[in-house]
Amino acid sequence: MVLADGGVCCVDELSSIRETDRVAIHEAMEQQTISVAKAGLVCKLNTRTTVLAATNPRGSYDITQPISANVPIGTPLLSRFDLILVLFDDHTTSWDSLVAGYLLKEDAFIEENNILKNYPGTHSVF
């Protein structure tokens with residue numbers, strides 16, 4: 001988070017992070033600093049960053065329960081986020097086909113028009 005100071009820090013699978021690291025993330029989000037102690041020196045590093053995080057629910061998401069009961073992240077850390085979005089997948093075959101068709105069509109367009117040719121290191125995912 002120190003490297004993202006002044007920018008955006010993206011965290012995927014927030015629930016998979018070790019508890020000690022989650023405590024550090026909470027401190028960084030709450031105080032906007034991280035304290036590091038090495039060789040008898042204590043240093044405060046800035047973490048003034050926007051945090052964008054994603055996680056999965058515990059098993060199947062239960063809409064009758066609050067978000068804190070559905071995700072394996074403590075309420076104190078959840079409270080540090082200004083905005084929480086819950087995305088549902090209702091397993092509709094027609095919607096899944098529509099989205100897959102769109103993605104494949106876009107990929108074919110990118111391939112046909114060689115759009116990524118000027119961006120070294122990029123490639124199509126399909």
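Is Asn70 buried or exposed in this predicted model? Asn70 is buried, with a relative accessible area of 3%.

**View 1. Asn70 and the polar atoms around its side chain.** We start with Asn70, which sits in helix 2, a run covering residues 67-70. At 3% relative accessible area, Asn70 counts as buried because the cut-off for that label is under 20%. The backbone oxygen of Gln65 is 3.3 Å from a polar side-chain atom of Asn70. Leaving out residues up to four places away in sequence, Asn70 touches Pro57, Arg58, Ser60, Tyr61, Asp62 and Gln65.

**View 2. The largest nonpolar core.** Twelve residues make up this one: Ala4, Cys9, Val11, Leu14, Ile25, Met29, Val51, Val71, Ile73, Leu77, Leu78 and Phe81. Strand 1 (8-11), helix 1 (19-31) and helix 3 (75-78) are the elements that each give two or more residues to it. As a rule, nonpolar side chains tend to be buried together in soluble globular proteins.

**View 3. Zooming in on Cys9, a member of that core.** Skip residues up to four places away in sequence, and Cys9 touches Met1, Ala4, Thr49, Thr50, Val51 and Leu52. Among these, Ala4 and Val51 also belong to the largest nonpolar core.

**View 4. A nonpolar patch on the surface.** Now for the outside: Trp95, Leu98, Val99, Tyr102 and Leu103 form this patch, and together they have about 510 Å² of accessible area. Trp95 lies in helix 4, which spans residues 93-112.

Technical notes: Residues are numbered from 1 along each chain as its sequence is written. This is a predicted model: local features need pLDDT of at least 70, side-chain atom pairs count only at pLDDT 80 or more; totals for chains, interfaces and linings use all residues. Side-chain values use heavy atoms; hydrogens and water are left out. A nonpolar core is a set of buried Ala, Val, Leu, Ile, Met, Phe, Trp, Tyr and Cys residues joined through side-chain atoms within 4.5 Å. Buried means under 20% relative accessible area, exposed over 50%, partly exposed in between (1.4 Å probe, protein chains only). Helices (H or I, at least four residues) and strands (E, at least two) are DSSP runs, numbered from the N terminus. Contact means heavy atoms within 4.5 Å. Patches are made of residues with over 30% relative accessible area and no salt bridge: like charges are joined within 9 Å, nonpolar side chains (Val, Leu, Ile, Met, Phe, Trp, Tyr) within 5 Å. Accessible areas come from the Shrake-Rupley method with a 1.4 Å probe; for residues, only the protein chains shown count as cover. A salt bridge is a side-chain nitrogen of Lys or Arg within 4 Å of a carboxyl oxygen of Asp or Glu. A polar contact is a pair of N or O atoms within 3.5 Å; within protein, one must be able to donate a hydrogen and the other to accept it, and residues adjacent in sequence count only if both atoms are side-chain atoms.
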